[in-house]
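Please look at the sequence and the model shown here, and keep both at hand while reading the report that accompanies them.

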Amino acid sequence: MKRILVSGLSVDIGGIGTLVTNVVSYNKRIGNSQEFVFEFLIPYQSVYRTWFQQEHYTYYEIPSLKQWFRYRTFLRQFFRKRHYDYVWINNTSKVDIWLPWIAKHIGGAKIIQHAHGTDCEEKGIRRLIFKLCECLWGKAYEKLIDIPLACSSLSADYFYRCPVLREKCTVLHNGINVDQFKFNESVRFTTRQALGLTDENILLGAVGRLTKVKNYPFLIDLMKHLPQSHHCIIIGDGEDKDLLEKQIDGLKLQDRVQLLGQRRDIPDLLCAMDILVMPSLNEGLPFSLIEAQASGLRCVCSEGIPKEADLLKHVHFINLSSMTEWVKTCGEKSNEPFDRILCNRMVKQAGYSIETSYDNFIRLLE
């Protein structure tokens, strides 16, 4: 039996949480729960707490890194009492050196570092602090890593500065339950009806945390330039919700832009969409883009998205400085022949199924 402690889940639902829950759910589904035991460190009030309780997983709520003394004390006491074979750390920076150091030197665990993102997500003074921390102990952090992972080649290039570690790094695809996202015409019809849409409407959509790096103010501003027939839904929750609601009200887009919050019917909503729009400032390799391609959606993304995320060669990448190009691409119906069901099979063939990702992850632990 191998015991694996997982960290990096956020307060709200996000891409890292999707990866982790996909892996552990598949582990349980194929009957490996006794061979590979997953436990979790999560922030206070994390939405994942409810899911862990329902699925009977062990989790521990941990103080914020901002409370560094409490955080460090918690980790020391925690790893003195518990043994893990691996600690699987999912993050986008090397700011938190305490977790890998204490887990390794006090807990005796091997460190699996999983890099997400292609740049620091922080802005302003916090960005400067994060950059300073990486300069001070980035090299020491990398020396603690036993198994380097990344969600994309671009993310690996960004995170692993040590050439030996970068060479050793495994790019682990963000695997999804591909069949769950297969396009269904009847589901599309009923979901669009529920959203108050007709066949004449073009539905843009976005899926992800309402946070700065997702750049949703750009998407809402884009809607201002598009025809009245265009509508938009944004699925997710986060700290920018109030800001986005004010922007929608200020632009008088209440009838055309909806913040749907957290939803359990994302596959159905993807069926209802015509275009997935992703204006992110930067991303590692976003789950929602993989899911959208599995649903056969047209996808329009910023150049902050790695090109390797274009699995089917159907993703449009546009610079954020060119609003005219965004309006042109999102404002017209596509004449491209698009078999949305065929796209689902192609995503699986590209190696982005949870089966493939799980097998590749477990192989690294043997």
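This is a predicted model: local features need pLDDT of at least 70, side-chain atom pairs count only at pLDDT 80 or more; totals for chains, interfaces and linings use all residues.

Residues are numbered from 1 along each chain as its sequence is written, and side-chain values use heavy atoms, with hydrogens and water left out. Helices (H or I, at least four residues) and strands (E, at least two) are DSSP runs that are numbered from the N terminus, and two strands are said to pair if DSSP finds at least two bridges between them.

**The seven-stranded sheet**

Seven strands make up an open sheet with parallel pairing, and their order is E3-E2-E1-E4-E5-E6-E7. Strand E3 (58-62) and strand E7 (170-171) stand at the edges with a single partner strand each, so one side of each is left without a neighbour in the sheet.

Helix H3 (residues 68-81) lies across E1, E2, E3 and E4, and runs at about 150 degrees to E3.

H1 also packs against helix H15 (residues 354-363), at an angle of about 90 degrees and with the two axes 10 Å apart. That makes H1 roughly perpendicular to H15, a term used for angles of 65 to 115 degrees. Asn22, Val23, Tyr26, Asn27 and Arg29 of H1 meet Ile354, Glu355, Tyr358 and Phe361 of H15 in this contact. By class, the contact of H1 with H15 holds five nonpolar, two polar and two charged residues, where Ala, Val, Leu, Ile, Met, Phe, Trp, Tyr, Cys and Pro count as nonpolar, Asp, Glu, Lys and Arg as charged, and the others, Gly among them, as polar.

**The six-stranded sheet**

A second open sheet has six strands in the order E10-E9-E8-E11-E12-E13, again with parallel pairing. Its edges are taken by strand E10 (257-261) and strand E13 (315-318), each with a single partner strand, so one side of each is left without a neighbour in the sheet. From one strand to the next, the twist averages 25 degrees.

| Strand pair | Sense | Bridges |
|---|---|---|
| E8 and E9 | parallel | six bridges |
| E8 and E11 | parallel | two bridges |
| E11 and E12 | parallel | four bridges |

In strand E8 (residues 202-207), six of the six residues are buried, which is to say under 20% relative accessible area, whereas exposed is over 50% and partly exposed lies in between (1.4 Å probe, protein chains only). In a regular strand the side chains alternate between the two faces of the sheet. Accordingly, Ile202, Leu204 and Ala206 point one way from E8, and Leu203, Gly205 and Val207 point the other way. In strand E11, Ile275 and Val277 point one way and Leu276 and Met278 the other way, and all are buried.

Helix H9 (216-225) lies across E8, strand E9 (230-235), E10 and E11, and runs at about 165 degrees to E9. Helix H12 packs on the sheet as well, touching E8, E11, E12 and E13, with its direction at about 165 degrees to that of E11.

**Two loop residues**

Thr211 is found in the loop between E8 and H9, and Thr211 is buried, with a relative accessible area of 8%. Leaving aside neighbours within four places in sequence, Thr211 is in contact with Glu239 and Asp240. Lys307 has its place in the loop between E12 and E13, and at 48% relative accessibility Lys307 counts as partly exposed. The C-alpha atoms of Lys307 and Leu154 are separated by 9.0 Å, although these residues are 153 residues apart along the chain.

Technical notes: Contact means heavy atoms within 4.5 Å. Axes are lines fitted to C-alpha atoms, for helices over the stretch in contact, and angles run from 0 to 180 degrees between N-to-C directions. Angles under 35 degrees count as roughly parallel, over 145 as roughly antiparallel, 65 to 115 as roughly perpendicular and the rest as oblique.
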